[in-house]
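This report covers the pairing of strands and the packing of helices in one protein model. Please have the sequence and the 3D view open while reading.

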Amino acid sequence: MPSGTLRIGVLAGEASGDILGSRVLAALREQCDELIVEGIGGPLMEAQGLQSMFPMDRLSVMGFVEPLKRLPELLRIRRTVFEHFRDNPPDLFLGIDAPDFNLTLERKLKAHGVKTAHLVSPSVWAWRQRRIHKIKRSVDLMLCLFPFETRIYEEHDVPVRFVGHPLADELPDRADAAAARNDLNLPAQGKILALLPGSRGGEVRMLAPVFLQAARLLWQLNPQLSFVLPAANQAREAELRKLLTQQPDLPVTLISGRSRVVMAAADAILLASGTATLEAALVKRPMVVAYRMAALSWWLVLRLAITPFAALPNVLSGRALVPELLQDGATAEAMAASAEPLLEGGEAAQKQVSAFDDIHATLRRDYAHRAAEALLELARG
């Protein structure tokens, strides 16, 4: 039963955080007579009653150079938010992702007696483990989307709760391939390989040409095979369209966005390492994961990484479930050789799909309500 008034501060710095936060706010609203929300967020959280102090897009900066250019503005925004909640303490403050921005804000608020929580664990399990000490000084509660993330917090006596992943709640047990193909006007019959070389310009430049080379090798083996390639945005679409003009005979359908439908329409997926690998697993399509980066960045990753796996399905299952082709190993020949048995739908594909079912069951935990319950316990404890 709803009870009491809850006043919380929240801060999300980008669209993904706005999605995560809006669902938690909706669940909190069900459990409170009145929910008062202040801070920074986007339109989805504003629809749940957030009074945003600044436009969220002022925080949405990427890369290394752009944040430095905007540093004075970013520091001013953080100082303003801190002073507001220091002088008008909420029942709790929730930082959503954006750890470089939020953890410092949370640490300062916690030092002034405000209860703090953070949603989406930084990747301390993968690299820069020493950040755990800063996190411990910053948060009263860490909300994790993945179960394996809780171990390092428990080892360092940081209160932590695994709340599940919203995608696992949202996606059905089985995606309808026939409906997806019909939706995208793709052939109802024949094998289809989805190609997802990433959403960032650097990823597309590094991976898309090799993905298309791998596609050609597979097509030569099976002329009935076709390919579908989603573009994350208009800039990526222009880059991919230019690449495709160099291979006009290759049967590739370029799609604007709609990557999830593209995945559902495919028999197998060749994709860049990243969060899309989790979505592919929850859509239950066998995959090959590849990644390339600049030589210096790769050198740093090799020295900083403390996990043996790059792809989330492998991290979640704790084993080499899906092929990972990284850096020099990300060749067209290796991609084609790894994808070919998956397209056949035999034992290799079935092993992946069976494991994906287990991952889905593990992550489906009614994320929004579990997170809301944990936050209410913190606020009222």
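Two strands pair if DSSP finds at least two bridges between them. Helices (H or I, at least four residues) and strands (E, at least two) are DSSP runs, numbered from the N terminus. The model is predicted, so local features need pLDDT of at least 70 and side-chain atom pairs count only at pLDDT 80 or more, while totals for chains, interfaces and linings use all residues. Residues are numbered from 1 along each chain as its sequence is written, and side-chain values use heavy atoms, with hydrogens and water left out.

**Strands**

Strand 5 (residues 116-119) runs parallel to strand 6 and is joined to it by 3 bridges. Leucine 119 is opposite leucine 143 of strand 6. Strand 6 also pairs with strand 7 (residues 160-162), in the parallel sense and over 3 bridges; here cysteine 144 has phenylalanine 162 of strand 7 as its bridge partner. Within strand 6 (residues 141-144), Leu141 and Leu143 point one way, Met142 and Cys144 point the other way, and all are buried (under 20% relative accessible area, 1.4 Å probe, protein chains only).

An open sheet of 6 strands, paired in parallel, has the order 10-9-8-11-12-13. Strand 10 (252-256) and strand 13 (324-326) are its edge strands, each pairing on one side only. On average, neighbouring strands of this sheet are turned by 20° against each other, direction ignored. In the pairing of strand 8 (residues 192-196) with strand 9 (residues 226-231), which run parallel, there are 3 bridges, and alanine 194 has valine 228 of strand 9 as its bridge partner.

**Helix packing**

Axes are lines fitted to C-alpha atoms, for helices over the stretch in contact, and angles run from 0 to 180 degrees between N-to-C directions.

| Helix pair | Axes come within | Crossing angle |
|---|---|---|
| helix 10 (residues 201-221) and helix 11 (residues 234-245) | 11 Å | roughly 25° |
| helix 5 (residues 99-111) and helix 6 (residues 131-138) | 7 Å | roughly 40° |

Definitions and conventions
Buried means under 20% relative accessible area, exposed over 50%, partly exposed in between (1.4 Å probe, protein chains only).
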